[in-house]
Amino acid sequence: CEDDLSHSQKDTTEMAPGLEDRVDVRYLQWLNGKLRFQWRSLHAQHQEQCKLLHKIHLFTSGSHSDQALGHLSVTETDLIRHPENYNQVMLVL
């Protein structure tokens, strides 16, 4: 989980020669802006997921029965917090 967005922050609005005759440049710029916004939103969500996963690993360190793992997984943590949600899962197994 790194905070590096340097590759996506470069300006890429440059057009190929002769393309502006066939396609509206403003529409392509709008699409580019929309794509950049979605990329930044996805990156922010990924960063949030990394932070939350790190918290789970930090708070459950040393809790796992397998000492090689050292921490609980997200599913195991959820099972401990809300065991009633897993009744159906256990019936299927």
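The model is predicted, so a word on limits: local features need pLDDT of at least 70, side-chain atom pairs count only at pLDDT 80 or more, and totals for chains, interfaces and linings use all residues. Residues are numbered from 1 along each chain as its sequence is written, and side-chain values use heavy atoms, with hydrogens and water left out.

Start with the layout. The protein has three helices and zero strands. Helices here are DSSP runs of H or I with at least four residues, strands are E runs of at least two, and both are numbered from the N terminus.

Now burial. Of the 93 residues, 13% are buried. Buried means under 20% relative accessible area, exposed means over 50%, and partly exposed is in between, with a 1.4 Å probe and protein chains only. The protein exposes about 8100 Å², and carbon and sulfur atoms supply 57% of that. These areas come from the Shrake-Rupley method with a 1.4 Å probe; for residues, only the protein chains shown count as cover.

On to helix α1. It has 35 residues and reaches 51 Å from first C-alpha to last, close to the 51 Å expected at 1.5 Å a residue. The expected span is 1.5 Å times one less than the number of residues. Which residues of α1 are buried? They are N32, H43, Q47 and C50.

Look at the aromatic side chains. A search of the whole structure finds one aromatic pair. The ring centres of Y27 and W30 are 6.0 Å apart and their planes are at 25°, so the pair is stacked. The rule covers rings of Phe, Tyr and Trp (its six-membered ring): centres within 6.5 Å make a pair, planes under 30 degrees apart are stacked, over 60 edge-to-face, the rest tilted. Y27 and W30 both lie in α1, three residues apart, about one turn of the helix. Y27 is partly exposed, because its relative accessibility is 46%.

Last, charge. The whole structure has one salt bridge. That term means a side-chain nitrogen of Lys or Arg within 4 Å of a carboxyl oxygen of Asp or Glu. The partners are D24 and R26, at 3.3 Å, N to O. D24 is partly exposed at 38% relative accessibility; R26 is exposed at 62%.
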